[in-house]
Amino acid sequence: MDFWWGKADGKKKGLYLKSWDAICSPIISGGLGFQDLHNINQAQIARIGWRILRYHDSLLSKILKAKYFQNSSPFQVSIKSNSSWVWKGILKNIHSFKKHCIWEVGNGLSIHIWNDNWILNSIPTVNTSAALLSEDYKMVSDLIDSSHNIWNRQTLASLFVTQTQDDILNIRLPMHGNDNIKWALNRTEEFYVKSLSQENYRSTHVDSVIDETWCKIWNLNVIPKIKVFIWKCYSDILPLNSRLSRIIIIPSKDCALCLNQEETFRHLFIDCPFAKAVWFCTALSFIPTVDNHLTTKDWISSWFSNNLSVSNYHFPYVVATILRFIWKARCTTIFENKPQNPAIIGREAMIFIHSQQKILEKALSSSGTTTAPIQGWVPPMMNNFKINVDASFVSTDHCIDIGFLLRHNTGSFRGAKCLQHRSYSSEEAEGLALFEALKWSR
């Protein structure tokens with residue numbers, strides 16, 4: 001944290017304009033995607049617990065089982081005061097990720113009916129008349145007719161409501177084999193530290209706002225320091241005098257370049273005579289204007305709303321670079337006490353823009369990367385119709401959105417429809433989309 005905000009060695013206090021928790025948030029939520037070391041450490045410890053649960057024949061699993069859970073599962077063991085600190089840490093994290101595990105029923109000897117997650121997207125619901133009887137049944141093996149290796153329907157009917165009975169009967173019992181635990185946060189059903197750390201972050205940051213402008217800023221074809229600068233602008237953490245005066249005591253709130261007005265974002269980069277001169281001297285025949293009702297975030301977001309260009313340069317690339325040069329001139333004036341010439345700043349900005357553009361073009365050509373042309377809508381044969389179909393798949397909740405559009409060969413709109421389905425893969429989603437489109441076309 002001290003390194004990020006440039007705090008010098010020996011200083012007891014620093015100026016932190018954004019919290020560490022906010023910086024560790026994902027890029028799409030306005031952070032920098034730094035890993036929270038505490039969160040990563042907990043996920044790494046949880047991984048040890050997962051290996052104990054999943055790989056029973058490992059040496060570590062055998063030693064810990066012999067000492068701490070001989071006749072039970074780690075999920076059913078409580079933390080004791082005389083346990084080793086290693087086992088306490090592992091057990092604490094095992095209990096924390098239990099809700100993300102799901103059991104695949106084999107013989108049912110390792111799965112607790114009431115405490116483990118073994119029925120997909122459901123919790124066992126007991127009949128009110130069987131509340132006392134349920135205490136006699138603890139393991140899933142008690143619900144299985146071992147002689148025929150099938151579910152004991154009579155036991156299920158006496159214990160559970162109809163919906164729970166149906167959910168259990170839909171679980172296929174293998175001919176032989178032990179119970180197998182699986183990870184529910186990814187398709188591979190294998191534990192990954194990244195999946196748990198991301199889930200832990202989401203559970204503690206449910207109010208995080210997703211803004212696609214953050215991704216557009218970081219995808220700009222500019223050097224990293226300009227991306228970081230625009231990130232600070234969009235985050236409203238640029239240390240302008242108007243902002244600093246509300247936090248600490250500073251000599252003046254006035255703009256360091258013109259000394260006439262309070263240094264706000266709008267004044268420093270748009271309205272200041274020095275800034276206007278810099279924009280004019282870039283020879284782009286372009287001076288930005290900002291409506292009075294627009295905030296800094298609104299203005300930066302508007303850069304990406306249309307595919308704009310200035311003198312054959314990408315608009316956001318040009319504006320971001322020139323803003324960074326104006327800011328550099330402001331900091332040089334304050335910290336080095338050197339007066340700046342707007343004409344020189346404007347020319348240097350244009351030289352930099354041109355040189356970076358050349359470097360980018362050369363890198364793309366040397367790597368053989370070319371931009372594929374955007375193909376427009378291709379009409380069908382004369383007097384025919386064409387249906388365009390697409391589907392989006394969200395793996396977390398197995399929900400798909402389907403849309404299709406019908407047009408004549410002249411391009412005239414004839415109809416459209418949107419609907420939702422449940423699916424378990426993107427391939428299945430595409431197939432359902434085609435199927436629904438064909439049904440609709442009839």
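A residue is termed buried under 20% relative accessible area, exposed over 50%, and partly exposed in between (1.4 Å probe, protein chains only). By this criterion, 38% of the 442 residues of the chain are buried. The model is predicted: local features need pLDDT of at least 70, side-chain atom pairs count only at pLDDT 80 or more, and totals for chains, interfaces and linings use all residues. Residues are numbered from 1 along each chain as its sequence is written, and side-chain values use heavy atoms, with hydrogens and water left out.

The chain holds 16 helices and nine strands. These are DSSP runs numbered from the N terminus (helices: H or I, at least four residues; strands: E, at least two). Contacts are heavy atoms within 4.5 Å. Of contacts between residues at least 6 apart in sequence, 55% join residues at least 24 apart.

A nonpolar core is a set of buried Ala, Val, Leu, Ile, Met, Phe, Trp, Tyr and Cys residues joined through side-chain atoms within 4.5 Å. The largest has 54 residues. Ile230, Phe269, Trp299, Ile300, Trp303, Ile322 and Leu323 touch the most other members. Helix H14 (315–335) is among the helices that each supply at least two residues of this core. H14 gives the most, with 12 residues. Ile322 touches Val278, Trp279, Thr282, Leu284, Ala349 and Ile353, not counting residues up to four places away in sequence. A second, separate core of 38 residues includes Cys101, Tyr137, Val140 and Val193.

Eight salt bridges are present. The criterion is a side-chain nitrogen of Lys or Arg within 4 Å of a carboxyl oxygen of Asp or Glu. In one of them, the closest N and O atoms of Arg330 and Glu263 are 2.9 Å apart. Arg330 lies in helix H14 and Glu263 in the loop between H10 and H11, so the pair ties together parts 67 residues apart in sequence. Arg330 is buried, because its relative accessible area is 3%. Glu263 is likewise buried, at 0%. Asp116 and Lys98 also form a salt bridge (3.9 Å, N to O). This pair ties together parts that are 18 residues apart in sequence. Asp116 is buried at 7%, whereas Lys98 is partly exposed at 21%.

No disulfides (cysteine sulfur atoms within 2.5 Å) are found in a search of the whole structure. Cys233 is buried at 4% relative accessibility. Cys215 is partly exposed at 28%.
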